[in-house]
Amino acid sequence: MTTYPQGTVAHHEIVDLIPALRAFARSLCRQPDEADDLVQETLMKALGNLDKFERGTRLKSWLFTIMRNTFLTRRRTAGREPVGIEECVSQMPQIAADQEGTLRVSDVKRALARLPQHHREIIVLVVMLGERYEDAAVICGCAVGTVKSRLFRARQRLQAELGEPTEIANSRP
């Protein structure tokens, strides 16, 4: 991260992190348009509060924390609002995919969506986005040991959702 005399962050550094923000948002939100809205709201909050960014900390972790908090606030608010139709026919694929790789990706996405939010969040942060345990702990507001145990349980649950043998099952005699 580059710092500047006034202690501000260059806007291009934030722009460079948009793909990672979008990936994290997609792990939190079930609909792509909701994920895009979450990214936009996160960016607006971050840009409006750049003066609160602490020198020497990671910009990516700061942005992910803003996103996670925004998502959780939205979710609490949505719990008080009436819910519409969860899946719309217009969003269903017209033609089924015929390539095995595409099918496998679809299976993994569905299995990931069935995981509890805290497991899905850890899988995306650590496995897909490559965040360090320490940074994931800061983003999620928990201890590093909690991140490691959540990741272990999330991997096991994901393997079970996909119908694959888990690591523990393989290690037993």
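Start with helices H6 and H7: H6 passes H7 in a right-handed crossing. Keep in mind that this is a predicted model. Select residues 117–128 for H6 and 133–140 for H7, and you'll see axes that come within 10 Å and cross at roughly 140°. The two helices are therefore oblique to each other, since the antiparallel label starts over 145 degrees.

Next, show side chains at the contact. From H6, pick Glu121, Ile122, Leu125 and Val126; their partners in H7 are Tyr133, Ala136, Ile139 and Cys140. Sorted by class, that contact has seven nonpolar residues, one charged and no polar ones.

Is Asp135 buried or exposed? Asp135 is buried, at 7% relative accessible area. Its side chain meets that of Arg58 in a salt bridge, 2.0 Å from N to O. Arg58 sits in the loop between H3 and H4, so this pair ties together parts 77 residues apart in sequence. Arg58 itself is partly exposed, at 34%.

Arg132 is partly exposed, with a relative accessible area of 47%. Bring in Lys60 and Glu131 too: salt bridges with shared partners join them with Arg58, Arg132 and Asp135 into one network.

Last stop: Arg74 and Glu41, another salt bridge, with the closest N and O atoms 2.8 Å apart. Arg74 is in H4 (residues 59–78) and Glu41 in H3 (residues 32–48), 33 residues apart. Both ends are partly exposed, Arg74 at 29% and Glu41 at 24%.

Methods: Residues are numbered from 1 along each chain as its sequence is written. This is a predicted model: local features need pLDDT of at least 70, side-chain atom pairs count only at pLDDT 80 or more; totals for chains, interfaces and linings use all residues. Side-chain values use heavy atoms; hydrogens and water are left out. Axes are lines fitted to C-alpha atoms, for helices over the stretch in contact, and angles run from 0 to 180 degrees between N-to-C directions. Helices (H or I, at least four residues) and strands (E, at least two) are DSSP runs, numbered from the N terminus. Angles under 35 degrees count as roughly parallel, over 145 as roughly antiparallel, 65 to 115 as roughly perpendicular and the rest as oblique. A crossing is left-handed if the near helix is turned anticlockwise from the far one by less than a right angle, and right-handed if clockwise. Contact means heavy atoms within 4.5 Å. Ala, Val, Leu, Ile, Met, Phe, Trp, Tyr, Cys and Pro count as nonpolar, Asp, Glu, Lys and Arg as charged, and the others, Gly among them, as polar. A salt bridge is a side-chain nitrogen of Lys or Arg within 4 Å of a carboxyl oxygen of Asp or Glu. Buried means under 20% relative accessible area, exposed over 50%, partly exposed in between (1.4 Å probe, protein chains only).
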